[in-house]
Amino acid sequence: MQILIKIQALAVIAVNILLSQRVVGYYPQWVQSNLPISSIDFSVVTHVNHAFAWPDENANIQSYSNMFNISNAQTIHSQGAKFLLSLGGWGNGVGFEAVVSSPSLRNDFINNLIDICDNYGYDGVDLDWEHPNSTQNRQYLNLLVAEMDSMFNDFDSELLITMAVPISNWSGQWYDFNFLKSHIDFFNAMTYDIHGGWSSHAGHNSPLFQSPPGDSDGSCSTGIGYLATTRGIPREKINLGTNKLVNNFHLYCDELDKAARDPKLKAYAKKDVIQLIHQIVKDNVLDRIQNRELKDIRNLLIDKENQNIINVTDY
């Protein structure tokens, strides 16, 4: 009997874990024509973040064209999923700073969001301001979120407020997570773009662990550790983020740069230029990689059979 009770208890725990699964997918406006909402796998996705809208400096809601349609929410709700409006995104943050600093604009902004949620069936909003950048902005963000939480609750207590957040103190210092965690339903950790053109070396976009070990650019593991351990966000409120973007890394060496700038290359057909560059890389780079003279080049795609660099930029 005791064994049976323990098995039943474990089964209940397992079911609870499965039922509490939260998988959030960002659905940007620019894929709508090629990827209709009906094609999303709702056996996996539980929350769809519709990207992006944003505030202008007068608290009006701006968006990409043809975003708002009640049928979007109807399709998602028919599958038992939630539909949120994602606000901001990279390059759409100018209006936030003006809005959050003014009590009247904050009020207008929140009321405008309530109207949109009511008219188009959104279950709440996802705040993706990239990023507050001062102590003052940090305090203003607290005010916006607290007022939004209160006004949303007065209108419809089921409306969600979520937030996309950075995973290191570079931008994370401007978020008061100790305050925000009481008002935000869950946080979407931006555990991606960990390496890019700003890095001193090539690396994975969203590495699970630091690669190489101790890499100062971090990883998913260090990012979640920062949010949960250093900043105190409950782990059950954090979603691990991954993306399908590709970052290009340009291989540089003196010989390749000189070859690319050589006026004589104009006499070659494009195909011949690329073959020539491949040959220059083969002669001047591959051996140096093998001899560990170029220690900062990692994850370079090499066609070992033909000894060619696959991802050289087409000049």
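A residue counts as buried when its relative accessible area is under 20%. Keep that cut-off in mind as we walk through this predicted model.

F83 belongs to strand β4 (residues 82-88), while Y122 sits in the loop between α4 and β5 (124-128), so their pairing ties together parts that are 39 residues apart in sequence.

## Other rings

How many aromatic pairs does a search of the whole structure find? The search turns up 10 aromatic pairs. One of them joins W30 and Y64 edge-to-face, at 5.6 Å centre to centre and with 85° between the planes. Here too, distant parts of the chain are linked: W30 is in the loop between β1 (24-28) and β2 (47-55), and Y64 is in the loop between β3 (61-63) and α2 (70-78), 34 residues apart. Y64 is partly exposed, at a relative accessible area of 27%. Ring pairs also bring W30, F52, W54 and Y64 together in a cluster.

## A salt bridge

Side chains of opposite charge can pair when their charged atoms come close. The structure holds 1 salt bridge. In that bridge, the side chains of R106 and E147 meet at 2.9 Å, N to O. R106 lies in helix α4 (residues 103-120) and E147 in helix α5 (residues 135-155), so the bridge links distant parts of the chain, 41 residues apart.

| Residue | Relative accessible area | Class |
|---|---|---|
| Y64 | 27% | partly exposed |

## The nonpolar core

In soluble globular proteins, nonpolar side chains tend to be buried together. In this model, the largest nonpolar core has 55 residues. Which residues have the most contacts inside it? They are F109, M148 and M163. Leaving aside residues up to four places away in sequence, M163 touches several others, including D126, L127, L141, V145 and Y175. Further along the chain, the residues that M163 touches include L180, I184, F186, F187 and N188.

Notes. Residues are numbered from 1 along each chain as its sequence is written. This is a predicted model: local features need pLDDT of at least 70, side-chain atom pairs count only at pLDDT 80 or more; totals for chains, interfaces and linings use all residues. Side-chain values use heavy atoms; hydrogens and water are left out. A salt bridge is a side-chain nitrogen of Lys or Arg within 4 Å of a carboxyl oxygen of Asp or Glu. Helices (H or I, at least four residues) and strands (E, at least two) are DSSP runs, numbered from the N terminus. Rings of Phe, Tyr and Trp (its six-membered ring) pair if their centres lie within 6.5 Å; planes under 30 degrees apart count as stacked, over 60 as edge-to-face and the rest as tilted. Buried means under 20% relative accessible area, exposed over 50%, partly exposed in between (1.4 Å probe, protein chains only). A nonpolar core is a set of buried Ala, Val, Leu, Ile, Met, Phe, Trp, Tyr and Cys residues joined through side-chain atoms within 4.5 Å. Contact means heavy atoms within 4.5 Å.
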